[in-house]
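Have the sequence and the model open as you read.

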Amino acid sequence: MENFGIICGVTLGLFGSVFSVVQFFYQRYKDKEQAEQAARDREQAAKDKEEAAKEAAKEAARQEIRDRLTLLMQVIIDKDIPRESRQPFFDEYIAKGGNGTVLKFWLENK
């Protein structure tokens, strides 16, 4: 009976040691996989941030054009300024893509 106890103890000890080594390598594998995922997440976050910055720059440029068109429209519509003086503003308005009621106003008020 004593021999059976000793054999069981040694077997369980060896099994525990093997299990410990396997768990060590498995955990190392999982840590490496997690580190790679974190690196991919950081890269994706950097790409998203870069795209957001580009989109913000595009929106700022569009807003700048809209603001400039509004200013030009106000100058073009102002009848206190002679028509010849407003001509360069009208030309810039057309060059920046302006259209609509301002053109109609310009053509009707010769």
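Is Phe24 buried, partly exposed or exposed? Phe24 is partly exposed, because its relative accessible area is 48% and the exposed class starts only over 50%. Keep in mind that this is a predicted model.

**Aromatic pairs**
- A search of the whole structure turns up two aromatic pairs.
- Planes under 30 degrees apart count as stacked.
- Phe15 and Phe19 both belong to helix α1, which covers residues 2-77. They sit four residues apart, about one turn of the helix.
- Phe24 and Phe25 form an edge-to-face pair, because their planes are at 70° and the cut-off for that class is over 60. Their ring centres lie 5.3 Å apart.

**Exposure of the paired rings**
- Phe15 and Phe19 are both exposed.
- Phe25 has a relative accessible area of 46%, so this residue is partly exposed.
- Phe24, at 48%, is also partly exposed.

**Met73**
- Met73 is another residue of helix α1.
- Its relative accessibility is 27%, so Met73 counts as partly exposed. Buried would need a value under 20%.
- Which residues does Met73 touch, leaving out those up to four places away in sequence? Met73 touches Tyr93 and Val102.
- Met73 and Gly97 are separated by 24 residues in sequence. In space, their C-alpha atoms are 12 Å apart.

Methods. Residues numbered from 1 in each chain as written. Predicted model: local features only at pLDDT ≥ 70, side-chain atom pairs only at ≥ 80, totals over all residues. Heavy atoms only, no water. Phe/Tyr/Trp six-rings, centres within 6.5 Å; stacked < 30°, edge-to-face > 60°. Helix = DSSP H or I, 4+ residues; strand = E, 2+ residues; numbered from the N terminus. Buried < 20%, exposed > 50% of the residue type's maximum accessible area, 1.4 Å probe, protein only. Contact = heavy atoms within 4.5 Å.
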